[in-house]
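Let's take a friendly walk through this model, strand by strand and core by core. Please have the viewer open as you read.

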Amino acid sequence: MRLAHIHFPNITPFSRVSHLQQTLAARLLAYKKASSPPATSTATSQDSTTTPTPPDPTIITFSPNPVYTTGRRDLPPSNTYPEKEDGPLSLPPPLEPIRSLLTSAKDGSAPIAEYHPTLRGGQTTYHGPGQLVGYTVLDLRRMGLTPRCHIRLLENSVIDVLDGFGVKGFTTEDPGVWVSDGGNALPKKITAVGVHLRRNISSYGIGLNVTEEPMWFFKQIVACGLEGREATSLEGLGVRDVTMEDVARRFVAAFVNRHNKDYCGTGSHGEKIEEVYTVREDELLD
């Protein structure tokens, strides 16, 4: 199996990547539908049908413009896209206190941040410059993953990336990847994890804080519904002069290594990832 990796080197609109992700997930879903035999088919008719080639799994890495997103637990009252032509922005309760950041000022200047509801798991979080967002568009069955194993794979991949920078990451009863800031202080969150599954096709993924730039935005909300818990970054832990491209490459490599080690081989059912190749957006949308 081959894994496609697309990395956006510049700050990229969240909506653009969301559209790309939806397109790739739709292709995987269409493949599953086309390759599933009809309920009335026989073994003979199945053998005479040529099975289409499955689309390659894809990891998208990028840093978006400042954006607050909500998961299924914090959807806005309308449960639709928040922007209304004839009314105010529809916001869920966790974002009402920062409405001023998400709406245009009286002088017509653009909002400081955007708001996008999503279907991922979890609650409210922030994505933006200084953070590496990694979305995995995969067929979990082909990868040999249960939904829980998928989350664990994402978390362990991040932990391996942190280890490469000399930072010890770990998981707790709360979602995401955490680090200790020393002493008796509560752990701080360095990576948010949230996914969406439909017929075992995954979307969304992780948000790893690389620089301190996202910290102001996190302080404006109760991230992931965890009152009193703080966020941190690689830079905040003393890891500086790291590029997003480097962190992206490390995450993809860690993901492949973890998957092949933990979910392929004897006693596992996952198909091994033999190759990672880079791809451009136009090639994926062609």
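This is a predicted model: local features need pLDDT of at least 70, side-chain atom pairs count only at pLDDT 80 or more; totals for chains, interfaces and linings use all residues.

Residues are numbered from 1 along each chain as its sequence is written, and side-chain values use heavy atoms, with hydrogens and water left out.

**The sheet of 8 strands**

Let's begin with an open sheet of 8 strands, ordered E7-E8-E9-E10-E6-E2-E1-E11 with mixed pairing. Strands here (E, at least two residues) and helices (H or I, at least four) are DSSP runs, numbered from the N terminus. Two strands count as paired if DSSP finds at least two bridges between them. At the edges stand E7 (169-170) and E11 (275-278); each has a single partner strand, so one side of each is left without a neighbour in the sheet. Helix H7 (residues 244-262) packs on this sheet and touches E1, E2 (58-64), E6 (131-137), E10 (201-209) and E11; contact means heavy atoms within 4.5 Å. The direction of H7 makes about 160° with that of E1, where axes are lines fitted to C-alpha atoms, for helices over the stretch in contact, and angles run from 0 to 180 degrees between N-to-C directions.

| Strand pair | Sense | Bridges |
|---|---|---|
| E1 and E2 | parallel | 6 bridges |
| E2 and E6 | antiparallel | 5 bridges |
| E6 and E10 | antiparallel | 5 bridges |
| E7 and E8 | antiparallel | 2 bridges |

To find your place in these pairs, look for Ile6 opposite Ile60 in E2, and for Thr58, whose bridge partner in E6 is Val137. Tyr135 stands opposite Gly205 in E10, and Phe170 faces Trp178 in E8.

How many residues of E2 are buried? The count is 7 of the 7, so E2 is largely enclosed by the rest of the structure. Buried means under 20% relative accessible area, exposed over 50%, and partly exposed in between (1.4 Å probe, protein chains only). In a regular strand the side chains alternate between the two faces of the sheet. From E2, Thr58, Ile60, Phe62 and Pro64 point one way, while Ile59, Thr61 and Ser63 point the other way. E6 also has 7 of its 7 residues buried, so E6 is largely enclosed by the rest of the structure. On one side of E6 are Gln131, Val133, Tyr135 and Val137, with Leu132, Gly134 and Thr136 on the other.

Thr12 belongs to strand E1 (residues 2-12). This threonine is buried, with a relative accessible area of 3%. Not counting residues up to four places away in sequence, Thr12 touches Val17, Ser63, Pro64 and Asn65.

**The sheet of 3 strands**

An open sheet of 3 strands has the order E4-E3-E5, again with mixed pairing. Its edges are E4 (114-117) and E5 (125-127), each with a single partner strand, so one side of each is left without a neighbour in the sheet. On average, neighbouring strands of this sheet are turned by 30° against each other, direction ignored. E3 (residues 67-70) pairs with E5 in the antiparallel sense over 3 bridges, and Tyr68 stands opposite Tyr126 in E5.

**Helix H5 and the cores**

Does the span of H5 agree or disagree with its residue count? At 1.5 Å a residue, the 18 residues of H5 (residues 147-164) should span 26 Å, and the end C-alpha atoms are 26 Å apart, which agrees. The expected span is 1.5 Å times one less than the number of residues. Buried residues in H5 include His150, Leu154, Val158 and Leu162. After H5 comes Gly166, whose phi is positive, near 80°.

The largest nonpolar core has 38 residues, and those with the most contacts inside it are Leu162, Leu208, Leu234 and Phe255. Such a core is a set of buried Ala, Val, Leu, Ile, Met, Phe, Trp, Tyr and Cys residues joined through side-chain atoms within 4.5 Å. Two or more residues come from each of H4 (140-143), H5, E8, E9 (188-198), E10 and H7. H7 gives the most, with 8 residues. A second, separate core of 20 residues includes Phe8, Ile60, Phe62 and Val67.

**The cysteines**

The structure holds 0 disulfides, a disulfide being a pair of cysteine sulfur atoms within 2.5 Å. Cys149 counts as partly exposed at 24% relative accessibility, whereas Cys264 is buried, with a relative accessible area of 11%.
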